[in-house]
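Here are some notes for a colleague who is opening this entry for the first time. Please keep the sequence and the structure in view while going through the points.

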Amino acid sequence: MKVRPAKFSDSTEIVEIWNPYIKKTFVTFNASEKTREEVCDLIKDRRNDGHEFWVASQDDKIIGFASYDQLRAGVGYRYSMEHTIIVSEKHKSLGVGKNLMGTLCGHAKNRGINSMWAGVSSLNVPAIKFHEGLDFKIVARLPEVGYKFGTFVDLVLMRKLL
């Protein structure tokens, strides 16, 4: 497995991994499927912000991706980042997410970032356990702030100091 900065040409494979999670799960509260153009814009925006957008590949096939951006807008939040990591369903539990997280946290730490944050659906217990296994700590639970498929869902906020 290789982890590298995403290229615009990766956008089709990224969309193919991301959209099933959007359409069918509570992994993300987003209900709108991503387009190739939106993913290209994200890659460009992350690169311009110095945060980068990463992909994990195996045999030249994208099997997961990750990015991070400022937790909230405003200069006072410039040392706190929130990440997104999505791994192909076929490649879960093979270390892809762990490798992507290592890349994200290393990149952020080298830029002087203080903390990496995860906003996890309370229904996504495997993601909560994944983050706990990487030294993220639960710091808050925001009741019923997410809404998808006609259901209100709690958001679990987790933090790792870098």
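1. One term is needed at the start: a residue is called buried when its relative accessible area is under 20%, exposed when over 50%, and partly exposed in between. The model discussed here is a predicted one.

2. Which residues of helix 3 are buried? They are V96, G97, L100, M101, L104, C105 and A108. Around the axis these residues cover an arc of only 150 degrees, which puts them on the same side of helix 3. An α-helix has 3.6 residues a turn, so residues three or four places apart point the same way. On the other side of helix 3 are the exposed residues K98, K109 and N110. Just after the helix, G112 has a positive phi of about 85 degrees.

3. The next point is the interior. In soluble globular proteins, nonpolar side chains tend to be buried together. In this model the largest nonpolar core has 24 residues, and I85, L100, L104, M116, F136 and M158 are those with the most contacts inside it. Two or more residues each come from strand 2, strand 3 (61–70), strand 4 (80–87), helix 3, strand 5 (115–121), helix 4 (125–133) and strand 7 (151–161). Which element gives the largest share of this core? Helix 3 does, with six residues.

4. Leaving aside residues up to four places away in sequence, I85 touches F65, A66, G97, L100, M101 and L104. A second, separate core has 15 residues, including V15, I22, L42 and F65.

5. A127, I128 and H131 are buried in helix 4. Seen down the helix axis, the buried residues fall within an arc of 100 degrees, so they line one face of helix 4. The face turned away from this buried side carries P126, K129 and G133, which are exposed. What do the buried residues of helix 4 pack against? Their partners are strand 4, helix 3, strand 5, strand 6 and strand 7. Just after helix 4, D135 takes a positive phi of about 70 degrees.

6. Aromatic rings come next. How many aromatic pairs does a search of the whole structure find? The search finds four. F26 and F149 form one that is edge-to-face, with 5.2 Å centre to centre and 85 degrees between the planes. F26 lies in the loop between helix 1 (11–24) and helix 2 (36–49), and F149 in the loop between strand 6 (137–148) and strand 7, so the pair ties together parts that are 123 residues apart in sequence. F26 counts as partly exposed at 21% relative accessibility, and F149 counts as partly exposed at 46%.

7. The rings of Y147 and F152 have centres 4.7 Å apart and planes at 55 degrees, so this pair is tilted. With a relative accessibility of 47%, Y147 counts as partly exposed, while F152, at 53%, counts as exposed. Elsewhere, ring pairs link W18, F53 and F65 into a cluster.

8. Charged groups also sit over rings. The charged end of K34 lies over the ring of W18, 5.0 Å from its centre. R47 is over the face of F8, at 5.4 Å from the ring centre.

9. Two single residues remain. S57 is in strand 2 (residues 53–58). Is S57 buried or exposed? It counts as buried, at 8% relative accessibility. Not counting residues up to four places away in sequence, S57 touches M1, K2, I62 and I63. N48, in helix 2, counts as exposed, with a relative accessibility of 59%. N48 and N99 are 51 residues apart in sequence, and their C-alpha atoms are 23 Å apart in space.

Key: Residues are numbered from 1 along each chain as its sequence is written. This is a predicted model: local features need pLDDT of at least 70, side-chain atom pairs count only at pLDDT 80 or more; totals for chains, interfaces and linings use all residues. Side-chain values use heavy atoms; hydrogens and water are left out. Helices (H or I, at least four residues) and strands (E, at least two) are DSSP runs, numbered from the N terminus. Buried means under 20% relative accessible area, exposed over 50%, partly exposed in between (1.4 Å probe, protein chains only). Contact means heavy atoms within 4.5 Å. The arc is that of the directions from the helix axis to the C-beta atoms. A nonpolar core is a set of buried Ala, Val, Leu, Ile, Met, Phe, Trp, Tyr and Cys residues joined through side-chain atoms within 4.5 Å. Rings of Phe, Tyr and Trp (its six-membered ring) pair if their centres lie within 6.5 Å; planes under 30 degrees apart count as stacked, over 60 as edge-to-face and the rest as tilted. A charge sits over a ring if NZ of Lys or CZ of Arg is within 6 Å of the ring centre and within 35 degrees of the ring normal.
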